[in-house]
Amino acid sequence: MQHLQKLMESLSQLEVLCERLYNSQDPSERAHAETTLQCFSVNTEYISQCQLILENSTSPYAQLLASSSLLKQVTERTLSLQLRIDIRNYVLGYLATKGQGLQPFVTSSLIQLLARITKLGWNDDDRFRDIVKEAMKFMAQATVEHFYIGLKILNQLVAEMNQANPGLSLTHHRKISCSFRDLALFQTFQISLTSLSQLKSDAADERLREQAISLALKCLSFDFVGSSMDESSEDVGTIQIPSLWRPLLEDPSTMQLFFDYYASTKPPLSNEALECLVRLASVRRSLFSGETERLKFLSQMMRGTREILRTQQGLSEHENYHEYCRLLGRLKTNYQLSELVTVENYADWIRLVAEFTIKSLQSWQWASGSVYYLLSLWARLITSVPYLKNDSPSLLDGYVPQITEAFITSRFDSVKALLQENSGEDPLDNPEQLEDQLESLPYLCRFQYEKSSSYMTSLLDPILQAYTEAARLPINPESTTTQFMEGQLTWLVHIIGAIIRGKQTSMSSAELQEAIDGELTARVFQLIQVSDSGSHIQRYTERSKQRLDFAILSFFQNFRRVYVGDQAIHSSKQLYTRLMELAGLQDHMMVLNVVVSKIATDLKCYTKCEEVIEQALNLFQELAAGYMSGKLLLKLDAVNYILGHHTREYFPFLDEYSSSRNRTTFYFTIGRLLFMEDSPSKFKASIAPLQQVFLNLEAIPNAAFRSDAVKFALIGLMRDMRGLTMATNSRRTFGLLFEWLYPAHTPLLVRATSHWVDTPEVTNPLLKFMAEFVFNKTQRLTFDSSSPNGILLFREVSKILVAYGNGIMALPITSSDIYVHKYKGIWNALLILTRALAGNYVNFGVFELYGDRALADALDVALKISLAIPLADIMAYRKLARAYFAFLEVLCHNHITVILNLDTATFAHILGSLESGLKCLDVSISSQCASAVDNLAAFYFNNITSGEAPSSTTAINLSRHIAECPTIFPEILKSLFEIVLFEDCANQWSLSRPMLSLILINEQVFSDIKVQIIGTQPLDQQQRLAGCFDKLMTDVTRTLEPKNRDKFTQNLTMFRHDFHAK
């Protein structure tokens, strides 16, 4: 009695803690409860306590704690088979007896536990495979609650089997998933259909119907062949349903059941019914017994979809509407046009689909996200027309031009409506959606191109004329007419750009298509002449004008890809003939001059609209990047003007702090064009403005060096210099830059670092420039054998790093954003040193030989700043982690002495961080750490294990470190085995390298790890796994020769494969 009283007292205390854990608004109170209750989920001894809580507590929060703790234990701990079976049986019994009175979140948690334990034990004992029978026992009970729990168990089970679990390798997951698919999924799908049939009456419980239809959808959405579909994508590939399902899917009542549910229910039931139909429409072709059965299936699908269109049943609900558009889109993806046209009532179906599409386009506010599927359907229908061999007409000729016209007029309507309402989202401001809709439009427009183009020119010409006249008139601030015209023109320019991009051989001849391309393109070029003239030049701050210029730049990008270049001009005579007639542009040189002039105008006139500035710079960069188009640009007056006037007086956006990132792109492009010609005089003339900035900054005394003017000048200069440096890709071009900067201007960089170390807005661009400057990409930093330039460059790097490192360490970090104020600069500093050390252009032995501290100081400060960062922070910031581990790899590879001369505590910290890096999910970090560990272990093996007593100071230091921390290497080796055996490692080759070195250092440790790993596996597998371990060292000798390493790597691959084979 006393024991019971004690139990109830402790239970009530626990219930209070659980209430706080899940409900408290006070974070500290919640954190205390979490810490106190953590033992239930981490200690296996508490499993029986969880059962005790479930048995005796009436608090739903205590029940949830017990259930979620058991779930964590089952997922993260290796529990005995009998214990897992006991938990499974207990949960089933608990749900059967107490399930009716539980809160929904407790029921869900218990069912998730049941599904997880079933999945993880699926291949261990046949009793786990009886789960479908157990769920059916619930459904056979007389109560609605039991039926609901049975369906929910099956729902959770299918979801669990279909998704990979953390800690479970992908191979193991697929084995279980495929076994479940073969043994239980079909039966589960049958149960869902039977349940749906039973629940068709209006009187049926809504929750049951939701669970039943959700179960059917989960079964049809199962990853049948392990293709790991992207769940973020709305597109459904072909569904590889097993042949066993054939009779069920060929039975018309299966499909009809979903159409009936759609007709008789509301969302979410109705749209889930449509989702099931989308899956059915995606079933693989080979599933059906023959073409007759497949066509029957298609006929029923088209009949059902036609009936929905005829009655408009449920399409006023947005969820239904969207799903229905997806269903129509799937029909053409999975079936040929030649099959669709043979179906009875095809003519009626295509008419209704066309009307539906036109209506959807007109409802642009409501249906914007769904129109993509409808336009894709029509695009696919059109591309199939040339392959249509039978006599049945496709009837597309009549409908496609109507849809094209509806698209354009509906976009014009959107412009008008948005101007009148002055609210709502403009479709032009949603680039992803705009891109989706314009993707399919070229197919529609080019299908009957003459008709479509005539319609577009009939719209475009009067608007263009009115826009030209508006340029001559003063601006009327009250009128929205110009905005309306700009909105219409923006849409037409986007559409023409998409059509040009989609140039293809279709029903009309290629020459005729080209001539029409010329007609439309000429009008865009006419628009360009007007848009930057008269009163329009005062409209650059207007959003409608910004959208129009953005559309023009997008059009240029599309036009350049298709019609600019040596090949294009010879194969595009028709286009250039029409351009000459209508716009006076006779070849692509004249076109390029217009394009670059427009880019220059936009960069001059837009100071604050980043969208247009970025688009203009990207286009300029694309033009300069192509070898042919880059060479052509140098012949243009517009380009030579930019190369001679690239200052803020001519391009005011350079003066905007918000656009400072764009400066790098601007100067990267200018650098590319400059370096295309081997002309030092042209280079000197072009960099004169930057030279002047250097001289002005150098002339400022220290007392005035902390002003805002200096700050912004430095930020801009560093971004400009980084862009120029990125453009150097050869020894010649880098030499021009190096000779200009060294030794004249490098002292300014050191001075700026010292004075502005507390201002990341200055130091980050400076450090990024230096990281680019010391980066030996394409072997551009190759100096003559007698040149000291490599050494001189490194001395400057060392000064900057020492100035930054000492400064940043002395700063107190008061800001909450430690990444921006400290870590970002540190990873850039580490990147500079790593690139300089690995660049292969400095003989580092010279520094020690002549007593120069440059190398030692740089390494000291880099180690100091990197070791000052907590390891948890390093792992939390990906860029910081990459820089830190790349630095350690270079140290272990080229400067191992530096690490081995550290004190033992620091050495142990570095090794510990390398072990953490090995476990990182980023493959590049994991491989870098493996290489670093291998260098250390190989050094130990070659100098200590294999040799006599260690003679060098470095070897003695390493021997002392390992003697003081004997578990360091064994722990890393154990971690490596666990990664290779129990995780999906994509870099097994890299991880195998340190494994051999570590095994050879101490083979007894390898034997101990082998015993430990085998001990964690089921008893019946242990003997087989011991044999796998024995084979691992077959034909591997006690050396680290490349041949021996390769043999070990081969053995490790076989070992991993055999270890997982059951």
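**Exercise 1.** How many helices and how many strands are there in the protein chain?

*Solution.* The model is predicted, with local features requiring pLDDT of at least 70 and side-chain atom pairs pLDDT 80 or more, while totals for chains, interfaces and linings use all residues. Residues are numbered from 1 along each chain as its sequence is written, and side-chain values use heavy atoms, leaving out hydrogens and water. Helices (H or I, at least four residues) and strands (E, at least two) are taken as DSSP runs, numbered from the N terminus. The protein chain has 54 helices and 0 strands.

**Exercise 2.** Determine how helix 30 and helix 33 pack.

*Solution.* Axes are lines fitted to C-alpha atoms over the stretch in contact, with angles from 0 to 180 degrees between N-to-C directions.

Step 1: helix 30 is therefore roughly parallel to helix 33, a term for angles under 35 degrees.

Step 2: the contact (heavy atoms within 4.5 Å) includes Ile613, Leu617 and Phe620 of helix 30, and Phe666, Arg672 and Leu673 of helix 33.

Step 3: by class, this contact has 8 nonpolar, 5 polar and 3 charged residues. Ala, Val, Leu, Ile, Met, Phe, Trp, Tyr, Cys and Pro count as nonpolar, Asp, Glu, Lys and Arg as charged, and the others as polar.

**Exercise 3.** State what percentage of the protein chain is buried.

*Solution.* With buried meaning under 20% relative accessible area (1.4 Å probe, protein chains only), buried residues make up 54% of the 1062 residues. The C-alpha trace spans about 95 × 90 × 60 Å along its principal axes.

How values were computed. Parallel < 35°, antiparallel > 145°, perpendicular 65-115°, else oblique. Buried < 20%, exposed > 50% of the residue type's maximum accessible area, 1.4 Å probe, protein only.
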